[in-house]
Amino acid sequence: MNLSFWLNGVYRHEEVEPDTMLLDFLREKGCYSVKCGCETSNCGLCTVLMDGKPVLSCSMLALRAEGKKIVTMEGMQKEAEEFGAFLADEGAEQCGFCNPGFIMNIFAMENELEDPTEEEIKEYLAGNLCRCSGFVGQTRSILKYLEYKKTKKREEAEE
Amino acid sequence: MLKIKSYVKVNSIAEAYELNQKKSACVLGGMIWLKMGNRNVSTAIDLSGLGLDTVQELEDEYVIGCMTTLHDLEINKSLDAFTQGALRESLRHIVGVQFRNCATVGGSIFGRYGFSDVLTLFLAMDTWVDLYQAGRVPLAEFVKMKKDRDILQAVIVKKTPLKTIYLSQRNTETDFPVLTCAVSLIGEQPRTVIGARPGCAMVVEDKEDFLYGFTEMSKKEKTEAARRFSEYAAENVPVGSNMRGSGEYRRLLTEVLTRRAWETLGGIEK
């Protein structure tokens, strides 16, 4: 079947089988940041943005992307590197397998929540599981990253 | 594994209904549960092009389109205020935001899943379902109906004055609940719903009128009514065992959550 959609800002026309999941389809198209973790809709590794909202690509038919804007970490390299530095500084990264889904959900959170508290951050990211850590380093890195972004925004506004 | 032979994004509910009369056809909701099973689907029917993904607030009711996602419900300020936060409380523990951006209210209600937090809370309100063929049916009746090939178009919540509390017990955050409990006063009418028994959520009938006149009771009377009704609920709600908890644990939880919920609704602080 035909599928027309935006992938990381590029409009594409593709052929896809009716039962192909978005996760498999995106990986076929070279988006290897999108990982398959649990396949039971629980771990959040396969998180991508669909029209700006985080969704589980393992649980969605590729055909449901028709006319939508899909963004994977390949489309947010610069932003991911910026946040990745905070993760590294806080020693939050261990195996790193959960990072792409985790980072995509942080970008979604940034869009949805204004100045979130630590409690709100933890609630928003509850669907991203990390089996290496206890989320302490990640939480520290998010708080520092959000503070950095806030300061940067304020400085830009003052200029 | 889920196998789909053909996929149709329908242009009308009538088209969806016609396609759905074939037993091997299937209407797609959020697909979260559907994709977990082994199933061969001849025609996957997608309603996502019909604009049924919004919450409409009318003068006397909310009309929630079947394709509205759980996260859209969760962040709906009007529904949050109407349910005094109970709707958000029933949704926020369901896995993660990404999951709730996929799962739909239609899928959750039509599936009548035993584990459903959503069904438990909606049963505690003056809720109706709008079915394409059968028309509007009270949700409490719908949960008892045999599953058929009709199509749920919308969930309707009447704006009958409501006070409600939602509680659930989970072994771990984001897991399925071991037990869910919603209590409400719809107008002056008390209602208690227990779900994840692990069977489908059910309304607990107050046959002995323990809660009759609850709003008029003194704090002491409310405490006593909550205690007596929770014991009654624990004795009368059928519960069973599964990998998340034994029937005996669920019986104890039924009593505790019911009592806590009624005490909280009655404004009794411990």
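This briefing describes the domains of chain B and the strand pairing within that chain. The structure is a predicted model, and its overall scores are ipTM 0.95 and pTM 0.95. Within chain B the mean pLDDT is 96, with 100% of the residues reaching 70 or more.

**Domains of chain B**

- Chain B is divided into three domains, of which domain 1 covers residues 2–46, domain 2 covers residues 55–158 and domain 3 covers residues 162–265.
- Between domain 1 of chain B and domain 2 of chain B, the distance separating the C-alpha centres is 20 Å.
- Where these two domains meet, eleven residues of domain 1 of chain B are in contact with 15 residues of domain 2 of chain B.
- On the side of domain 1 of chain B that touches domain 2 of chain B, the largest share is contributed by helix α1 of chain B (residues 13–19), which supplies three residues.
- By residue class, that side of domain 1 of chain B consists of seven nonpolar and four polar residues, with no charged residues.

**The parallel sheet**

- Three strands of chain B make up an open sheet in the order β1-β3-β2, and their pairing is parallel.
- The edge strands of this sheet are β1 (2–9) and β2 (26–28) of chain B, each of which pairs on one side only.
- From one strand to the next, the twist of this sheet averages 35°.
- Seven bridges link β1(B) to strand β3 of chain B (residues 39–46), and the two strands pair in the parallel sense.
- Within this part of the structure, B:V8 has B:I45 of β3(B) as its bridge partner.

**Antiparallel pairing around β6 of chain B**

- In general, strands of a sheet pair through backbone hydrogen bonds, and the pairing may be either parallel or antiparallel.
- Strand β6 of chain B (residues 127–131) runs antiparallel to strand β8 of chain B (residues 152–158), and five bridges join the two.
- Opposite B:W128 stands B:I156, a residue of β8(B).
- β6(B) is also joined by four bridges to strand β7 of chain B (residues 135–138), again in an antiparallel arrangement.
- In this second pairing, B:V129 stands opposite B:V137 of β7(B).
- Together β6(B) and β7(B) form a hairpin, in which three residues lie between the two strands.

How values were computed:
Residues are numbered from 1 along each chain as its sequence is written. Chains are lettered from A and ligands numbered from 1 in the order in which they are written. This is a predicted model: local features need pLDDT of at least 70, side-chain atom pairs count only at pLDDT 80 or more; totals for chains, interfaces and linings use all residues. Domain bounds come from an automatic or database domain assignment. Two residues are in contact if their C-beta atoms, placed from the backbone, lie within 7 Å. Ala, Val, Leu, Ile, Met, Phe, Trp, Tyr, Cys and Pro count as nonpolar, Asp, Glu, Lys and Arg as charged, and the others, Gly among them, as polar. Two strands pair if DSSP finds at least two bridges between them. Axes are lines fitted to C-alpha atoms, for helices over the stretch in contact, and angles run from 0 to 180 degrees between N-to-C directions. pLDDT is the predictor's confidence in each residue, from 0 to 100.
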